[in-house]
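Biologist: I have a structure open on my screen and would like to learn how to read it. Could you walk me through it, one feature at a time?

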Amino acid sequence: MDLMTALQILDSTVRLGTPLLLACLAGLYSERAGIFDIGLEGKMLMAAFFSGAVAFVTGSVWLGLIAGIAGAMSLAVVHGLASITFRGNQLISGVAINFLASGLTVLIGQKWFALGGRTPALSGEGRFQPIVLPFADSLRDVPVIGPVYYELISGHTALVYVAFAAVPISWWLLFRTRFGLRLRAVGENPAAVDTAGISVTRLRYAAVAIAGLLTGIAGAYLATGLSAGFVKEMTAGRGFIALAALIFAKWRPVPALGATMLFGLLEAVANRYQNIDLGGVVIPVQAMQALPYVLTVIILAGFVGKAIPPRAGGEPYVKER
Amino acid sequence: MGARQQTERQATAAPAIELRAISKAFGPVQANKDISIRVERGTIHGIVGENGAGKSTLMSILYGFYRADAGEILIGGRPVQIPDSQAAIRAGIGMVFQHFKLVQNFTVLENVILGVEEGALLRPSLNKARRVLGDLAREYELDVDPDAAIEDLSVGHQQRVEILKALYRQADILILDEPTGVLTPDEADHLFRILASLRDQGKTIILITHKLREIMEITDAVSVMRRGEMVATLKTASTSPEELAERMVGRKVLLHVPKGPANPGRNVLEVENLRVVDAAGIERLRGIGLTVRAGEILGVAGVAGNGQSELLKVLGGFQRATGRVRVNGDDIDLTGRRSDGQTRRARGIAHVPEDRQALGLIMDFTAWENCAFGYHNAPEYQKNALFMDNAAMQADAQAKMERFDVRPPTATLAAKSFSGGNQQKIVLAREIERNPDLLLVGQPTRGVDIGAIEFIHKRLVALRDAGKAVLMVSVELEEILSLSDRIVVMFDGRIMGERLPDQTNERELGLLMAGVAA
């Protein structure tokens, strides 16, 4: 394998890993605050649809992004109401959100565009365009560094850079600020937060809202960055793979980057090598495409060592007598 | 005593806390009824009462968890409103809960600053806390490693962190809810030294406890609550444990159940070289050997977590082990198919587990179902080959509950709707009424009211007098000393020594419990 091939696979890894990374960080905020969120999938799907629809109608990808975030946020509020205010079961709320998004996007899509649930193809200003970083062209011919910079680091859409910047920012926010301390505390022992005179409800809503924001960006990226428009069920289980990555990363931002990029890499490899010929035995394309999901199963089966989730995760906080 | 003189000198000043006519109802239940109390500045004030007497509700009102339906709170003579915990903290009240409110994987410093950070960034707050903690440690014997994670600290140290949290928030009034329940005698002594020096610095301390000995030892004044009402406030110097117990329960209570000398007979239980290795590969029992004879109570003392639980589990039939155990001279299986609880019961071993809510009862099931569990295959409970005889089980449970004074004696209520003491009576009734040769009993009176303690102790002594063998595990030294005919002390999976109750004392046992060979 030459350098160019490797770089192309890695480049593809970055693009495919980005929505996973954003969703994984969304789950990280939510679960660190003690709210399980299996509705990542639904929120991303909702965001993908609204960003694709609005970007097409207005012709502005930025308005599309805002609409996508708004779509994910609205579902985040539903999840917050169900699991924080009304102390419902967080898993059931998440499942409901996934079903709701799956049905609603197709229903509204058909009503608006009559294309069987998809939105019309986006082009030009309706999509996020690659950003060519400074000096990318002039450095292109420098050996090794040039191609790495040009192929891998430069030339992504703005949301990819946002996702990567979100990793150190999240780390700093969680481990170096007051907000982060309280957020982590509320996921471990909400009673400690409550007796310290801080509102458990407000902190958890903040976490759920951040999850809405990040899944919103992730969904918008799917429809307006990675693809050119919304397609029915286009998230294809990415929300669940992000959850697997979150466990793999043990609820920490920097390992979350590594975990999601690993999944991205598997997807990129599967896309590039459709049929692998191992001296007579041909591995079919379906086997390669199943790889990320197989890895998810392996990870969730607990082959990653002991992953301790936030202790108060999944439990609605009820003040004790 | 210096502190008492101080009390009298300041009695004319405004009390640290005054509650006037506080009432609070939860639906039809009147948890607090017209409660008035004055706590003088610079004193340690005890509050005693049975479970459900309303102590916790009253303290929750003071700490802003509940709002009183009626009444007034005065701090230092000024009326205050306490709608939430933040307001309580501002009013100078600090609370050390029975179940600590600490974040297990945070460091001591992080726990201390949580909620009182100096700004949006953590570093300045952490630096300040480190400095202040150093000062507090020097002043009050409150040493803890500020960078240790809570989960790595002993329970006694975790409690110090709770006290430090309150002091860091500049609390003048410190409320401690059952603080010694989880401590070794040594740790409890240390805690009392800390409390005494806090009082001498002018802090006011409210101590909620059910241990009358502690009240007598450390408090200046004591208030007694019963069924939501304040029954009396007394000077500690002018009262006695007997008087307090009587006021708490509303009748005379025997704090020490009278018992005659034991008449031990043949060996019922013989244990040799018992070893248990847990799932993590840690050896929990390191070669235990003991015997229990018919007609005696063997008390197993020790700080929780030194192998007593494993010993009970092995003997009760839900933990595998190596070694040798004989009951009435016959070996019992320690591994394999016949090492289960059913087989043990058939061999005359009854078991009242330490954690009755997890192992002794199914909380959502009714009392009569719980009275049959473990013995549900008994012939008298079967209608025919297919169906159980529910009516027979109910009638049987009803009779047992009446004989064991379970209140209310309603067999159709769910186990969770009974108080701790009555739950324990249900378990005891089930196990004792089967007339076992050997009764294993863990923490017989944990979380049990003083009146029910008396009843349970009487039943255990009666069982012994009927010629049965009793193996009792307890972390309460008082209980061990007053009930046992012989005492063994466990430490780190071994037996540290054997003593006779009338030839030892709490101090000697405490040393053995701490692993110091006496």
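**Reading the two chains**

Modeller: Gladly! Chain A has 13 helices and two strands, where helices (H or I, at least four residues) and strands (E, at least two) are DSSP runs numbered from the N terminus. Its radius of gyration is 20 Å, close to the 20 Å that the globule rule gives for 321 residues, so chain A is as compact as a globular protein of that length. That radius is taken over C-alpha atoms, and the globule rule is 2.2 Å times the number of residues to the power 0.38. Please keep in mind that this is a predicted model: local features need pLDDT of at least 70 and side-chain atom pairs count only at pLDDT 80 or more, while totals for chains, interfaces and linings use all residues. Residues are numbered from 1 along each chain as its sequence is written, and chains are lettered from A and ligands numbered from 1 in the order in which they are written.

Biologist: What share of the 321 residues in chain A is buried?

Modeller: A residue is buried if 20 or more other C-beta atoms lie within 10 Å of its own, exposed if 12 or fewer, and partly exposed in between, with C-beta atoms placed from the backbone. In chain A, 46% of the 321 residues are buried. For contacts, the rule is that the C-beta atoms of two residues, placed from the backbone, lie within 7 Å. Of the contacts in chain A with a separation of 6 or more, 76% join residues 24 or more positions apart.

Biologist: Which residues of chain A does UniProt list as "transmembrane region"?

Modeller: Its unreviewed entry lists several spans of chain A, including 12–29 and 205–228. UniProt positions are in the numbering used here, feature names are shortened, and annotations may be inferred rather than shown by experiment. Residues 12–29 of chain A are 100% helix and 0% strand, with end C-alpha atoms 26 Å apart. For residues 205–228 of chain A, the figures are 92% helix, 0% strand and 33 Å between the end C-alpha atoms.

Biologist: How many helices and strands does chain B have?

Modeller: Chain B has 18 helices and 20 strands. Its radius of gyration is 25 Å, close to the 24 Å from the globule rule for 518 residues, so chain B is as compact as a globular protein of that length. Its C-alpha trace spans about 70 × 50 × 45 Å along the principal axes, and 47% of its 518 residues are buried.

Biologist: Where does UniProt place the "domain: ABC transporter" feature?

Modeller: The unreviewed entry puts it at residues 17–252 and 269–517 of chain B. The span 17–252 of chain B is 36% helix and 26% strand. Domain bounds can also come from an automatic or database domain assignment. For chain B that gives domain 1 (2–249), domain 2 (265–348 + 436–518) and domain 3 (361–435). The C-alpha centres of domain 1 and domain 3 of chain B lie 40 Å apart.

Biologist: How many residues does each chain bring to the contact?

Modeller: The size of an interface is often given as the accessible area lost when the parts come together. Here we can count residues: 20 from chain B and 18 from chain A. Helix α3 (residues 85–90) of chain B gives the largest share of the chain B side, three residues.

Biologist: Which residues of helix α18 of chain B are buried?

Modeller: In α18 (residues 506–513) of chain B they are B:L509, B:G510, B:L512 and B:M513. They cover an arc of only 160 degrees around the axis, which puts them on the same side of α18(B). The arc is that of the directions from the helix axis to the C-beta atoms. Among the elements covering them are α7 (185–200) and β13 (296–301) of chain B.
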